[in-house]
Amino acid sequence: MLSLFDVIAILLVLTASFAWINHVVLGLPNQIGLLLMGLLASLVLVAVELAFPDAPVFHEISTLLRGIDFSDTLLNGMLGFLLFAGALQIDLSRLRSRRWIVGTMATLGVFISTALVGTGFWLAAKLFGIAMPFAWALVFGALISPTDPIAVLSTLKTISIPESLEMDISGEALFNDGVGVVLFTILLAAATTAGGEFGPIEFARLFAVEAGGGALLGLVTGYIAYRGMRMLDDYPIEVLISIALVTGTYALAARLHVSGPIAVVACGVLIGNRGAELAMSDVTRRYLFGFWTLIDEMLNSVLFLLIGIEVLVLGADLTLAPLALAAIPIVLIARFLSVSLPINLLRLGYRFERGTVRILTWGGVRGGISVALVLAISPNEFKPALAAATYTVAVFTIVVQGLSLAWMVGKLGVGTKK
């Protein structure tokens with residue numbers, strides 16, 4: 001059994017090595033290059049294992065990589081740090097001006113997409129002869145509907161677009177992630193509850209407790225950290241407070257059964273705005289934001305490599321390939337409808353940039369969070385189909401949509417590649 005130190009060492013060595021190769025040889029965006037190399041390395045190991053089943057060295061390497069618990073590493077380790085780092089960069093004054101757009105997209109948009117993807121996936125499963133209950137199709141809809149803030153924010157670093165559009169994309173990605181995790185948790189409980197005991201009232205109660213409780217917890221812990229920072233001017237201690245804030249808030253959220261992702265986003269926005277303005281000197285602000293920017297870049301690199309090597313854990317079942325490939329257009333169509341319906345409703349009071357619906361649709365990148373959620377499902381007869389579809393959609397959106405988003409933005413004349 002690998003120790004935590006072993007896992008960290010393996011991931012950092014692989015990430016640093018592949019990042020160097022990508023920078024020197026391939027020249028792709030860092031995260032996408034790491035994902036592709038991780039995926040290629042996984043496929044090579046799978047092929048070698050099939051060709052030489054008795055070769056011990058390759059078996060040991062693949063067993064070593066399979067020992068990394070992707071779901072636990074992301075959901076209970078990296079996610080809090082990555083979401084906090086992203087939330088620190090949110091300008092509250094700009095977010096306030098687009099709050100109804102972000103809020104509607106992050107809630108109503110996720111609900112619409114979950115229903116559409118779930119229905120489409122259920123029908124596709126029937127078409128390909130897979131008997132999947134509608135409740136499990138909705139679980140897939142919930143885990144694949146929220147755009148991944150980590151993947152989205154890394155994509156936005158490669159393009160220059162108007163502030164309002166950037167805020168719509170990044171704000172939605174940060175907040176719909178927490179909503180999506182809450183929705184997934186509730187629908188998973190409904191799918192595994194026998195006898196139809198899980199009704200609408202229980203659904204509404206759990207959603208209000210998890211989402212509302214997470215936001216409240218984040219504001220409370222963020223305010224405590226903010227008050228502590230105001231009482232001193234010592235950047236090492238203030239950076240340490242921010243680290244304690246993330247880990248403590250996320251751990252406490254798990255204990256209280258409220259949303260950890262929503263909690264860390266709430267405290268990140270508070271510290272990044274009110275804290276930066278009133279509780280930090282220029283020196284502290286520079287060190288604290290620099291620290292979290294570095295953490296964001298490093299963990300992003302590790303995460304995209306993890307997505308690449310996860311093909312070893314998922315395995316290969318070619319009978320599921322038609323359903324997995326069908327999930328791509330299903331998710332894209334659902335994304336288009338879940339974006340266009342709220343935006344057309346909000347056009348009555350807000351101005352949107354040209355091509356907003358198309359950019360938001362194509363910029364709806366899915367990534368590690370969706371993969372981690374599907375791997376967190378306990379083994380059952382439906383999990384292989386859900387995992388194959390999730391991984392296929394995640395890789396397609398990161399590689400195809402992520403690489404072509406800058407081209408689309410330029411084609412629409414609303415931005416440029418950085």
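User: Which residues in H9 meet Ala135, Trp136, Leu138, Val139, Ala142 and Leu143 in H7?

Analyst: Happy to start there: this is a predicted model, where local features need pLDDT of at least 70 and side-chain atom pairs count only at pLDDT 80 or more, while totals for chains, interfaces and linings use all residues. Residues are numbered from 1 along each chain as its sequence is written, and side-chain values use heavy atoms, leaving out hydrogens and water. Helices are DSSP runs of H or I with at least four residues, numbered from the N terminus, and contact means heavy atoms within 4.5 Å. On the H9 side, the partners of those H7 residues are Gly180, Leu183, Phe184, Leu187, Leu188 and Ala191.

User: How many residues of the contact of H7 with H9 are nonpolar?

Analyst: Ala, Val, Leu, Ile, Met, Phe, Trp, Tyr, Cys and Pro count as nonpolar, Asp, Glu, Lys and Arg as charged, and the others, Gly among them, as polar. By these classes the contact has no charged residue and one polar, and its nonpolar residues number 11.

User: Is H7 roughly parallel or roughly antiparallel to H9?

Analyst: Using axes fitted to C-alpha atoms over the stretch in contact, with angles from 0 to 180 degrees between N-to-C directions, H7 (residues 134-144) and H9 pack at about 165°, their axes 8 Å apart. Angles under 35 degrees count as roughly parallel, over 145 as roughly antiparallel, 65 to 115 as roughly perpendicular and the rest as oblique. Therefore H7 and H9 are roughly antiparallel.

User: At roughly what angle do the axes of H17 and H18 cross?

Analyst: Ser370, Val371, Val374 and Leu375 in H17 touch H18 residues including Leu386, Ala387 and Tyr391. The axes of H17 (residues 368-376) and H18 (residues 383-412) come within 9 Å, and the crossing angle is roughly 175°.

User: Is the crossing of H10 and H12 left-handed or right-handed?

Analyst: H10 (residues 200-230) packs against H12 (residues 260-278) at about 30°, with axes 7 Å apart, so the pair is roughly parallel. A crossing is left-handed if the near helix is turned anticlockwise from the far one by less than a right angle, and right-handed if clockwise. For H10 and H12 the crossing is right-handed.

User: Which helix gives the most residues to the lining of the largest cavity?

Analyst: A cavity is a set of points on a 1 Å grid over the protein atoms alone where a 1.4 Å probe fits but cannot get out, and lining residues have an atom within 4 Å of a point. Met105, Glu172 and Arg335 are among the residues lining the largest one. Helices H6 (99-127), H9 (163-191) and H15 (321-346) each give two or more residues. With four residues, the top contributor is H6.

Definitions and conventions
On a 1 Å grid over the protein atoms alone, a cavity is a set of points where a 1.4 Å probe fits but cannot get out, and a pocket is an open set with protein on both sides within 12 Å along at least five of seven lines; lining residues have an atom within 4 Å of a point.
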